[in-house]
Every structure is written in structure tokens, then in C-alpha cells.
Amino acid sequence: MPLVPLRDDVAVFPKLIVPLSVGRRTSIAAISTAMEGDKQVLLVAQKDPQVDDTAENDLYSTGVIAEINGMRQTPAGIQMLVAGVQRARIVGFVQFKPYIAVEIEPIQDHVTPGLELEAHMRSVKSLYERYVEAGAAIAPEVAATVAKTDDPVYLADLVAAAPDHTLEQKQHMLETPNVVERLKLLAVFLGKQIEILELKSKIQNEVQSTIGKLQREQILREQLKAIRKELGEDEEGADLNQLREKIEKSGMPEAVRERALKEVDRMQSIPAASPEVGIIRTYVDWLVALPWGPPEAETWDIKTAAQVLDEDHYGVEKIKERILEYMAVRQRSQTLRSPILCFVGPPGVGKTSLGKSIARALGRKFVRLSLGGIHDEAEIRGHRRTYIGALPGRILQQMKNAGTRNPVFMLDEIDKVGADWRGDPSSALLEVLDPEQNSTFSDHYLEVPYDLSQVLFITTANVVDTIIPPLRDRMEIIRLPGYTEEEKLHIAQKYLLPRQLREHGLTPDNLDLPAETLRALIREYTHEAGVRSLEREIANICRKIPRRIVEGQTEKVVVAPADLGSYLGPTRFEFGIAEEVDQVGAATGVAVNEYGGDVMTVEAIVMEGKGDFVLTGQIGKVMEESARAALSYARAQASEIGVRPGFFDHHFLHIHVPAGAIPKDGPSAGITMATAIVSALTERPVRRDVAMTGEITLRGKVLPIGGLKEKMLAAHRAGIKTFILPEQNRKDLPEVPDEVKQAMELVMVRHVDQVLERALLQASPKAATQAIGYRTPPAVPPPAPGTVNRLG
């Protein structure tokens with residue numbers, strides 16, 4: 001007989017007419033074969049409805065012989081009406097393709113007439129009537145048929161087809177030939193279903209009287225609550241008791257503890273379906289999750305701390321000294337407030353990694369919060385609970401992650417905090433970074449004071465100008481101006497190269513970068529204050545070594561300076577003097593930006609015509625005023641420098657600062673512009689190995705400038721031999737590394753005349769006669785060795 005497997009809990013019983021939909025090819029082929037014969041197929045339930053290509057083990061052994069009463073083709077397959085005829089057992093499988101064919105053995109129903117059978121029939125009918133009255137999804141005509149029938153076999157099969165039966169229960173009914181046993185099983189099933197339906201009705205009545213017109217989801221939750229109550233499982237009460245225990249053990253201050261317990265009591269009095277319950281629970285969970293207890297133990301061994309700091313970073317002695325001083329004082333006085341440190345320096349000098357090293361030296365946990373691009377005050381203080389999805393600010397979120405009251409908390413990129421209509425995060429940080437206030441820091445979400453006084457806050461910035469003055473005043477600013485060539489070489493040998501070898505699976509036996517190679521790498525492939533690009537270039541070299549070793553080309557590679565081109569390509573920077581030759585109207589200055597110091601050239605030319613002077617190169621307002629002051633000084637001293645009277649009536653100057661795409665500002669290029677202007681007017685070349693910095697006044701005085709260390713480091717990187725600086729900056733020289741001071745001749749000046757005398761060469765005779773406005777100046781004897789000029 002052809003076999004059609006059934007799935008999705010479908011089961012057919014004898015004498016019952018059932019509609020079926022068939023879509024599988026094997027099933028359609030089986031039906032087509034049956035229609036050509038006696039129109040009978042064997043319907044057997046499938047164990048796993050997900051299986052499409054059924055095998056012998058996927059089918060139950062007992063099914064129903066059914067007769068096809070009608071069928072029609074649909075786009076999805078075949079829809080047919082079948083009538084159950086008789087139970088049958090599969091004896092063997094004949095074929096599986098193109099349809100399943102089996103040998104079967106019909107099963108006869110065992111019916112023993114008598115009082116026992118009559119009693120079971122009446123019991124099942126009575127229970128079935130109660131089952132329908134309790135709300136079962138039974139058609140009225142089916143219920144009427146069950147009440148009228150006197151056939152025990154038909155009664156048992158009709159009741160067994162109830163929709164609340166599972167597939168396993170229906171299959172059990174098919175496999176039970178004894179009708180009395182079937183009626184017994186049905187009586188147990190109906191009794192259980194009646195109890196469930198009556199309890200369901202009771203629950204619905206209780207819920208309806210308490211919650212009224214709530215949404216369906218709320219109704220379901222109330223039903224669940226009522227079910228648990230009937231079972232004696234009050235999980236909500238136990239959960240609230242656990243929450244109270246956590247509050248008691250958290251170590252909260254008394255006021256905060258009372259606030260948390262009050263919120264728990266309020267949550268208990270609100271219906272469980274209310275959205276307010278979730279809001280309160282989230283709030284209490286945040287209170288419990290924050291670290292309230294005593295701070296974790298710290299390491300006060302200064303020698304060990306010094307060793308840790310030296311292991312992680314080379315140089316930065318001022319920062320190391322400040323941390324060790326703090327540890328020494330804390331050993332003697334536990335009431336000392338934690339300092340608020342601000343590391344200021346160009347990228348790549350190790351500001352962020354210093355914070356991790358400090359945490360390791362102190363034995364504290366380290367957390368970091370990047371402030372770059374934050375514009376919303378709520379990022380710091382959180383949102384009030386009236387907002388949907390409100391949370392505490394990032395400060396308390398990081399404190400929760402730290403799990404202790406005294407971590408090292410790094411606020412990275414504090415100079416890049418923005419402000420807009422949503423508030424000013426910098427103003428919110430005023431309370432966080434004030435030792436007088438942060439012991440009672442208030443977050444908008446929690447609305448209870450939280451003690452941040454045990455936290456060691458460290459901030460980082462590239463520049464301090466963009467930090468608001470009140471915030472800047474609260475921090476102890478420590479500058480990291482950048483590294484010299486020797487410091488970079490030492491860092492590369494001790495830190496960068498070993499780390500890259502380890503990350504690329506190499507050892508010193510596989511790759512050797514000698515000191516002269518690293519020095520060439522620093523000079524010709526990097527141009528930075530830090531060492532980030534240097535490490536990147538070392539990594540580029542390390543990536544090429546494993547392939548050569550794997551291919552068997554070599555076991556150890558020694559990279560000489562001449563080999564760098566094959567690994568990294570052509571050199572990117574030229575190491576040496578900023579200008580290749582001594583030029584007229586081109587003076588070398590130095591500048592400071594957020595990436596460190598850098599050298600720049602100021603150019604000036606004289607042109608015929610009338611008009612104001614021209615200034616180009618994205619010059620800021622302060623720098624423009626400095627250029628005007630330099631020009632005014634040159635015009636006022638025209639006779640002294642050899643410019644004929646009336647010259648400026650028919651000529652004007654154009655001053656340009658190259659790298660026009662980069663904005664520039666500040667007064668420290670004053671003497672550089674004055675030197676370039678005087679050089680252009682007199683045709684006297686400027687020494688290419690001289691760099692200078694200093695502000696100029698209309699009377700020619702040279703005023704002090706800032707960022708001296710960064711500027712001298714930049715001049716040293718460019719190969720400058722003579723550096724001219726204001727006399728009043730002499731006090732800043734101790735901060736400059738000795739290596740830099742020894743490599744350059746330092747000339748300290750008070751007046752621009754001293755600058756011109758050291759920076760300008762004498763014009764050649766030919767150039768002197770061709771100069772536009774030049775007249776031979778009075779003869780001045782050359783200065784004696786070791787002197788500057790008469791004004792010095």
C-alpha cells in the first residue's frame with residue numbers, strides 16, 4: 001500500500017473524515033498511485049516534522065488506512081479529504097522512491113461487551129461534556145455526536161481526536177487496540193484538561209477584576225503571577241528580600257541606604273505589570289552595583305613603584321618624581337587629597353600608557369574614559385530618571401566597572417571636549433576634578449552624593465589653550481614636550497623593538513636592528529615629537545622577516561642603514577639644515593603646535609609699486625600684528641640698515657609663511673619676520689644654520705616666548721647649529737635636555753639688532769650695487785670673538 005507521512009501533530013483515526021494538504025513529491029506520487037487503484041493509502045505520523053526526506057526510522061510503526069474521498073490540485077500541492085478506515089501496522093518497507101510503499105497488517109479492535117465497557121463509556125461522555133463546558137475548542141456538532149453515539153470504538157476515536165491531545169498521546173491511542181484501555185486513558189486525560197481549564201477560568205476572573213482594561217501583555221503577566229500564587233511560589237517577594245540584603249551589605253552611607261530601601265518598598269507596592277517597576281529596579285540595581293565600601297589596599301613600596309615606572313617608560317622624570325612624592329606623603333598622612341594631574345604633550349609621547357603604569361606602580365585598578373568629541377553634559381552627569389532609558393553618566397559607569405573606590409581614572413583628550421545646546425561637559429567636569437567638591441559628586445540619575453575623593457584622576461591633552469580656565473586651574477599641569485633623538489633611540493632599543501619582535505613571533509636571534517639603523521630610521525622616516533610613527537616603521541620591518549624565515553632564505557636578518565629603502569621605500573624626510581643655502585629674504589623660525597615643535601621658513605620679497613604690505617600663509621590675527629610691528633621697526637630704522645629715503649613710497653613687501661594649508665598664529669615669529677624683511681631690503685643673505693624665536697616690539701626689544709623646550713627640540717631635529725632666543729627665556733633652559741643644548745650654539749638677545757648681527761651675512765659687492773633700496777651702510781668693524789655687539 002502507498003504510504004503518506006503526516007507531520008505537524010496531524011493524526012487520523014478510523015471513521016473520521018479529515019482534510020489534508022500534501023506538498024512533498026513522494027506523497028503526491030503515493031496519492032496518484034492510490035487514485036489509480038482502490039483509492040486507499042496508509043497515513044502514518046512522522047516523529048520529527050522538520051525531516052523532509054523520511055526514512056524508516058523517521059516514522060511510527062502504526063497508522064491508519066484511509067480512503068481518499070476527494071482531491072484537488074493547488075499551487076502548493078494537493079488538498080484532499082480522507083476518511084479513516086482501520087488501524088494498521090507496518091510489516092515491511094517495499095520501496096522509498098518514487099513514493100513510499102509498505103507491507104501492512106490490519107489491526108482489529110478488541111471490544112468486550114459488558115458493564116465495565118458501559119461504565120467507561122458513560123464516564124468518558126460525562127467528562128467530555130464538562131470538558132466542552134469548561135471552554136475547550138470543540139465544534140458543537142462533534143460534541144453532539146459524542147453524546148449520541150453508542151459505538152464504543154467510534155466514541156474512543158472521536159474523543160481521542162480532541163485538539164488538546166499531543167501527537168504522542170494520539171499515537172498511543174492508535175497503538176492501543178483494547179477499547180476499554182483507550183477509554184481509561186481518555187478519562188485521565190479529560191479529567192486533567194478539565195482541571196486546567198477551570199483553573200484558567202478562575203485566573204482570568206481574578207485578573208479581570210484587578211487590572212481592568214490593561215494591554216494583553218499586562219494581562220498575561222497577571223495570569224502568570226496568579227498561577228505562581230496558586231502553586232505557592234512567591235518569587236517576587238523572595239527577589240525583593242534578596243535586593244534588601246544586597247543593600248544592607250553594600251556599605252552605602254546611611255542616607256543612601258534609606259533612599260534605596262524606600263525605593264524597594266515603593267516597587268513592592270506597585271503592580272508588577274506597571275512600567276515603573278522596571279525603572280525603579282534599574283535604579284536600585286545601579287545603587288547596589290557601585291563600590292561603596294572601603295578603598296582597596298594600595299602598594300606603598302616606593303622602591304618597587306620606582307622600578308615599575310622605570311620598566312614601563314624611559315625619561316619623564318618629572319612625572320615619576322611627582323608620583324613618588326605623592327606616595328611618600330600618603331605613607332605619613334592618610335588625609336592627603338589625591339592630586340589632579342594633567343599630562344600635556346604631543347601625540348605619541350606616552351601620556352595614556354603613563355596612566356596605566358602609574359596604576360600598576362600604586363597597585364590600583366585602571367579605568368579610562370575618552371572625552372574626545374563629547375558635547376553633551378549628560379555624558380558626564382547622566383540623565384534624570386524622567387527620561388526613557390536614562391542611565392548614570394560615564395563617570396559612575398566607569399566607577400562601577402572599576403569595582404573599587406580608589407582606581408586610577410584617566411580622562412583622555414580633555415582638550416577636545418566640545419559644547420553645544422545640550423550643555424558644556426567641561427563645566428560638568430569642574431565638580432569631578434575639584435578635590436573640595438568631588439567628595440559629594442551628584443549624578444543626575446542617582447541624585448545621591450557619591451565620594452570621588454579617593455580616585456586619582458589623570459587627564460591628558462595635546463594643548464591647554466582649549467581647556468576652559470576654571471578647569472585648567474583645578475589641574476596640576478605636567479608637560480611632556482617630546483623626545484630627543486637619543487631618547488628615541490633608547491626607547492626603540494629598550495621598549496619598541498622588543499615589543500614588536502614579541503608581537504610578530506620573532507626573537508633577537510631572528511632580527512637585529514643596530515643603533516645606526518635605528519638612528520637612520522628616526523632621521524629619515526619619522527618626523528614627530530613622540531615615537532608612534534617610529535614603532536609603526538619598526539613593525540613594517542618586522543612583518544617582512546617571518547616570510548623570509550619560513551621560506552628558508554635566512555635564519556637571522558641584520559638590517560643596515562642602506563637596507564632601509566628595500567624595507568620601507570624611499571626616505572620621507574631630509575635630516576639636516578632647514579635651508580640648503582644661505583638665501584636673501586628667507587629666515588628660519590620655530591613654532592609649537594599640538595603635535596610638538598617644528599621649524600618653519602618666513603619668506604619676504606620687495607616689489608615695486610604702491611600699497612600696503614601683503615601677508616599670506618593662513619596667518620592669524622596675532623601673527624599679522626607681529627608682522628606689522630616688524631615692518632614698522634624696519635621702516636623706522638631704514639637709515640641705520642642702509643635703505644635710502646623715500647624707498648617705501650614706491651615699493652612694498654610680500655611676506656609669506658609656507659605650508660599655506662596649515663593655520664598659524666602667535667607673536668613668537670616677530671624677530672624671524674624682522675630678519676626676513678631686513679634681509680630682503682638689504683640683499684644680505686640669512687645664515688641657513690640659524691633658527692630664532694622671540695616677540696618683537698616697535699622699539700626693537702625682544703620679549704620672551706613660551707614652548708622653548710619644544711622649539712629647541714624641533715631645531716635640533718632639523719640640524720640647526722645656532723639658536724637665537726630671548727634673554728628672558730634663560731630661566732627655561734634647565735628644562736631643555738643637555739644633549740640639545742650642547743649640540744647648538746645658544747645666543748640670548750635683548751634687542752633685534754643683536755639678532756640681525758648674528759643672522760645676516762654681508763651682502764656681496766654685486767648684490768649691494770643691484771639692491772633696490774640699498775645704500776652702503778657706514779663701516780662697522782667686525783665684532784670681537786665672544787661678543788655680540790655694542791648693545792649686548
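## Loops, a helix and the overall chain

Glu447 sits in the loop between β10 (441-442) and β11 (449-450). The model is predicted. Phi of Glu447 is near 60°, a positive value in a residue other than glycine. Most residues other than glycine have a negative phi. At a relative accessibility of 38%, Glu447 counts as partly exposed.

**Glu683 and helix α24**

Glu683 also has a phi near 60°, again positive in a residue other than glycine. Its place is the loop between α24 and β20 (690-692). Glu683 is partly exposed, with a relative accessible area of 26%.

Helix α24 spans residues 670-682 and holds Ser679. Is Ser679 buried or exposed? Ser679 is buried, because its relative accessible area is 0% and the cut-off for buried is under 20%. A polar atom of the Ser679 side chain lies 2.5 Å from the backbone oxygen of Arg684. Not counting residues up to four places away in sequence, Ser679 touches Gln583, Val584, Gly585, Arg684, Pro685, Val686 and Leu760.

**Val349**

Val349 is found in the loop between β7 (341-344) and α13 (351-362). This valine is buried, with a relative accessible area of 2%. Which residues does Val349 contact, leaving aside its neighbours within four places in sequence? They are Leu480, Gly482, Tyr483, Ala529 and Gly530.

**Gly293**

Gly293 lies in the loop between α10 (275-289) and α11 (302-312). It is partly exposed, with a relative accessible area of 24%. Beyond four places in sequence, Gly293 touches Ser250 and Arg405. Gly293 and Arg405 are 112 residues apart in sequence. In space, the C-alpha to C-alpha distance between Gly293 and Arg405 is 7.5 Å.

**A cis peptide bond**

The loop between β5 (77-95) and β6 (100-106) contains Pro98. The peptide bond from Lys97 to Pro98 is cis, with omega near 0°. Most peptide bonds are trans.

The accessibility values are collected here.

| Residue | Relative accessible area | Class |
|---|---|---|
| Ser679 | 0% | buried |
| Val349 | 2% | buried |
| Gly293 | 24% | partly exposed |
| Glu683 | 26% | partly exposed |
| Glu447 | 38% | partly exposed |

**The whole chain**

The chain has 28 helices and 24 strands.

Buried residues make up 47% of the 792 residues. The chain exposes about 39300 Å². Carbon and sulfur atoms supply 50% of that area.

Take the contacts between residues at least 6 apart in sequence: 72% of them join residues at least 24 apart. The contact of Gly293 with Arg405 spans 112 residues.

How far apart are the mean positions of the positive and negative charges? The chain has 95 positive and 110 negative charges, and their mean positions are 4 Å apart.

Notes
Residues are numbered from 1 along each chain as its sequence is written. This is a predicted model: local features need pLDDT of at least 70, side-chain atom pairs count only at pLDDT 80 or more; totals for chains, interfaces and linings use all residues. Side-chain values use heavy atoms; hydrogens and water are left out. Helices (H or I, at least four residues) and strands (E, at least two) are DSSP runs, numbered from the N terminus. Buried means under 20% relative accessible area, exposed over 50%, partly exposed in between (1.4 Å probe, protein chains only). Contact means heavy atoms within 4.5 Å. Accessible areas come from the Shrake-Rupley method with a 1.4 Å probe; for residues, only the protein chains shown count as cover. Lys and Arg count as positive and Asp and Glu as negative; His and the chain ends are not counted. The place of a charge is taken as NZ of Lys, CZ of Arg, CG of Asp or CD of Glu. A polar contact is a pair of N or O atoms within 3.5 Å; within protein, one must be able to donate a hydrogen and the other to accept it, and residues adjacent in sequence count only if both atoms are side-chain atoms.
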